[in-house]
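This briefing looks at how side chains meet inside one protein chain. Keep the sequence and the structure in view while reading.

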Amino acid sequence: MTRICLLTGGSTPERDVALAGAAQVLDALRSRGHVVTVVDTVTGPLQPEDESRLLNPAVGREPPTLVELDQLASREDPATLFSETEIREADLVFLVLHGKQGEGGELQTLLDLAGATYTGSDPLGSALAMDKDVAKRLFRDAGIATPSWHMWPVENPETAITYPVVVKPSKAGSTVGLTVVETYEALADAVALALRFDDEVMLEAFVPGREFTVGILGDRALGVGEIIPQHAIFDYECKYTPGMTQELFPAPIPDALAETMREIALRAHRVLKLRDFSRVDFRMDARDTPYCLEVNTLPGLTSASLLPQSAAVLGIDFPELCESICQEALRRSGDRKKVGS
């Protein structure tokens with residue numbers, strides 16, 4: 001029996017995604033016999049009635065508004081989290097958080113300073129993966145194909161950029177603030193939208209073709225899945241609105257191509273110095289060349305999310321996946337000593 005603190009919520013645009021995942025991770029871990037308490041980084045420890053109210057397994061079609069996020073952020077102080085008994089007395093902190101504050105390395109640094117054993121990547125790996133510009137530079141240097149890109153501002157954007165182009169915040173997830181821009185005239189509005197969510201904006205070449213994803217657990221690649229959204233890209237609405245996307249696991253592609261994609265995914269995971277688990281996203285062009293888009297260090301963890309579906313291809317069900325993530329972290333720590341002891 002392990003005492004686990006499930007740390008979730010947050011004040012990022014992906015708060016609802018985190019809470020939905022926490023609802024199902026909580027059930028999975030308790031079904032495995034663990035003693036689990038829940039702490040929202042905004043509101044603090046959750047009582048049973050709070051769990052029922054906040055941990056909603058459904059995600060809305062739109063992320064929280066910027067006004068709502070500002071209100072949440074004003075109540076959040078990660079540095080005070082470690083005075084909470086639920087965290088200090090835990091054998092393990094299980095992270096179900098998304099966005100820059102949750103998976104960008106800052107929280108992981110505080111956890112390291114507190115001596116906590118926690119799931120997922122360390123501060124360095126988290127920061128490398130969260131910064132899409134840095135991650136793509138590392139992919140390029142490692143020979144991993146990735147779509148070409150510019151960082152805003154761009155000199156002579158009317159002629160220097162090939163359209164369509166994907167405009168997105170450099171350090172955000174769930175396609176929040178992302179736009180596919182067809183013409184130069186639409187570029188300014190797309191950049192302005194992205195700047196609402198981050199201080200850096202990436203302009204990435206749009207790769208027409210099929211979209212795929214591969215989960216990583218420990219040091220092995222899981223199953224390949226194909227994502228077929230109703231929109232041109234796998235955006236927030238398609239991700240979290242039932243019926244907006246087909247998700248095919250395993251992907252209907254030749255075994256050799258699937259194995260190639262799995263090998264590239266594991267290389268990308270290693271290049272970014274990640275640990276425990278991740279999810280690697282691809283676009284594949286008409287020549288069947290997979291282009292690595294990004295790596296998610298704390299991917300969605302509802303039972304219907306992409307990582308659990310990728311694990312299911314290899315016969316790993318959702319409770320077993322959550323258990324495996326715990327064991328990866330506990331093995332790394334070498335023991336189950338208390339946080340801060």
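The notes below cover the nonpolar cores, the salt bridges, the cysteines and the aromatic rings.

The model is predicted, so local features need pLDDT of at least 70 and side-chain atom pairs count only at pLDDT 80 or more, while totals for chains, interfaces and linings use all residues. Residues are numbered from 1 along each chain as its sequence is written, and side-chain values use heavy atoms, with hydrogens and water left out.

**Nonpolar cores**

- A nonpolar core is a set of buried Ala, Val, Leu, Ile, Met, Phe, Trp, Tyr and Cys residues joined through side-chain atoms within 4.5 Å; buried means under 20% relative accessible area, exposed over 50%, and partly exposed in between, with a 1.4 Å probe and protein chains only.
- The largest nonpolar core holds 47 residues, and those with the most contacts inside it are Leu6, Leu7, Val25, Phe94, Leu95 and Leu301.
- At least two residues of this core come from each of strand S1 (3-8), helix H1 (15-31), strand S2 (35-40), strand S4 (92-96), helix H6 (106-113), helix H13 (306-312) and H14. Helices (H or I, at least four residues) and strands (E, at least two) are DSSP runs, numbered from the N terminus.
- Another core, of 26 residues, lies apart from it, and includes Phe139, Ala251, Ile253 and Leu257.
- Leaving aside residues up to four places away in sequence, Phe94 touches several residues, among them Cys5, Leu6, Leu7, Val25, Leu301, Cys322 and Cys326. Contact here means heavy atoms within 4.5 Å.

**Salt bridges**

- The whole structure has 18 salt bridges, each a side-chain nitrogen of Lys or Arg within 4 Å of a carboxyl oxygen of Asp or Glu.
- Lys171 forms a salt bridge with Glu200, with the closest N and O atoms 3.0 Å apart. Lys171 lies in the loop between strand S6 (165-169) and strand S7 (179-181), and Glu200 in the loop between helix H10 (187-195) and strand S8 (201-205), so the pair ties together parts that are 29 residues apart in sequence.
- Lys171 is buried at 12% relative accessible area, whereas Glu200 is partly exposed at 33%.
- A network of salt bridges links Lys171, Asp198, Asp199 and Glu200.
- Arg332 forms a salt bridge with Asp276, and their closest N and O atoms are 2.5 Å apart. This pair links distant parts of the chain, with Arg332 in helix H14 (residues 318-333) and Asp276 in the loop between helix H12 (255-271) and strand S12 (277-284), 56 residues apart.
- Arg332 is partly exposed at 33% relative accessible area, while Asp276 is buried at 4%.
- Asp281 and Arg279 also form a salt bridge, with the closest N and O atoms 3.0 Å apart. Asp281 is buried at 9% relative accessibility, and Arg279 is buried at 8%.

**Cysteines**

- The count of disulfides is 0, a disulfide being a pair of cysteine sulfur atoms within 2.5 Å.
- Cys5 is in no disulfide, and the nearest cysteine sulfur, in Cys326, is 12 Å away.
- The sulfur of Cys326 is 7.2 Å from the closest cysteine sulfur, in Cys322, which is too far for a bond.
- Cys5 is buried at 0% relative accessibility, and Cys326 is buried at 0% relative accessibility.

**Aromatic rings**

- Arg275 lies over the face of Tyr118, 5.2 Å from the ring centre. A charge sits over a ring if NZ of Lys or CZ of Arg is within 6 Å of the ring centre and within 35 degrees of the ring normal.
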